[in-house]
Amino acid sequence: MIEFIEKERYYDDSAFTGQCWMYPTFMVKDGIEYFMWNRREPDDSWKIKEREGQKAELLANDGAYFHFHGIYADPFDMLTEMEQRGHTFTEPDNLFVDCCENPKRGGGFVDFHGNRNEVSAAFHYRIYDMALIERIRTAVTRIIERSRENSILTKQELRVQLQQGHTLNDLLAFGPGQDCEIFKADKFYPGDVVVYIPDVALNHIPLDRQIKDPEELEEVLSQCYTGQDFIDECHGDTEKAERLFCYCNWQHPSSAVDELADDGEES
């Protein structure tokens, strides 16, 4: 049996919440209390309606989870669609927040949240069923591994794929850099694998359209840096090349190598 209870209210005087009363709200299942949220009073009518919908989700799935926001109420529907469309997570290493060890949270939960690189589709699920979270982790790992496998291309392989009409977004997992969008491989690969593409907007690199003009193709490929390009920039020093790769987050390696040298002198 599942029921919902509220604990003693407290006054939140912060400007962020709007200076209001807060009511800690818990789900009770099998005699164990699980924190859900702090109900705000006064609150907007749309938020009250949303909370009722979240309670309905918990009642329907025997207290396994509910979702704060996202296209899909069921996380597996979202993950299935991501696999089918080849979509990737913006921050694959920061998808899960484990709140199981906090005594104030009762029985505990895990928050599964994030967004996608290819479309704006933020999601946030609060999950109480630990068997369910392991199934989600398995599905997520499959998506992450596939995206990393798909992102390992030599420059020649990338050239051929682009000549065949594929877009850069079809082939590589672009993500956030320093106030911009870049491609950066999951690790440094020496050799001909493309590991880095700098600020795409600043360098006029098209992600979502075919590159049919041969001159434009050559210009784009000249900005698709391989591990060997980094090594050449560092005059054959592979260790320095890897540090340079880690340092780059918007700029060209040729610009960043001087910044890296300056940082080294300061330290």
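This is a predicted model: local features need pLDDT of at least 70, side-chain atom pairs count only at pLDDT 80 or more; totals for chains, interfaces and linings use all residues.
Me: What makes strand S10 and strand S11 a pair?
Reply: Strand S10 (residues 181-184) and strand S11 (residues 194-197) are joined by 2 bridges and run antiparallel. Two strands pair if DSSP finds at least two bridges between them, so these two qualify with their 2.

Me: Why are S9 and S12 called edge strands?
Reply: S10 and S11 sit in an open antiparallel sheet ordered S9-S10-S11-S12. Strand S9 (174-176) and strand S12 (225-226) each have a single partner strand, so one side of each has no neighbour in the sheet. Strands here are DSSP runs of E, at least two residues long, and helices are runs of H or I, at least four, both numbered from the N terminus.

Me: How do you know that S3 and S4 pair?
Reply: Strand S3 (residues 20-29) and strand S4 (residues 32-41) share 9 bridges, running antiparallel. Met22, for instance, is partnered with Arg40 in S4. The two strands make a hairpin with 2 residues between them, and Asp30 in the turn has a positive phi of about 55 degrees.

Me: Why is Thr88 called buried?
Reply: Buried means under 20% relative accessible area (exposed is over 50%, partly exposed in between; 1.4 Å probe, protein chains only). Thr88 has 5% relative accessibility, so Thr88 counts as buried. It lies in the loop between helix H2 (75-85) and strand S6 (96-98). Beyond its neighbours within four places in sequence, Thr88 contacts (heavy atoms within 4.5 Å) residues including Met82, Asn117, Arg146 and Ala173.

Me: What makes a space in this structure a cavity?
Reply: On a 1 Å grid over the protein atoms alone, it is a set of points where a 1.4 Å probe fits but cannot get out; lining residues have an atom within 4 Å of a point. There is 1 cavity of 30 Å³ or more. The largest cavity has a volume of about 40 Å³, the space filled by probe spheres set on points joined across faces, edges and corners. Among the residues lining the largest cavity are Ile71, Met78, Arg116 and Phe123.

Key: Residues are numbered from 1 along each chain as its sequence is written. Side-chain values use heavy atoms; hydrogens and water are left out. On a 1 Å grid over the protein atoms alone, a cavity is a set of points where a 1.4 Å probe fits but cannot get out, and a pocket is an open set with protein on both sides within 12 Å along at least five of seven lines; lining residues have an atom within 4 Å of a point.
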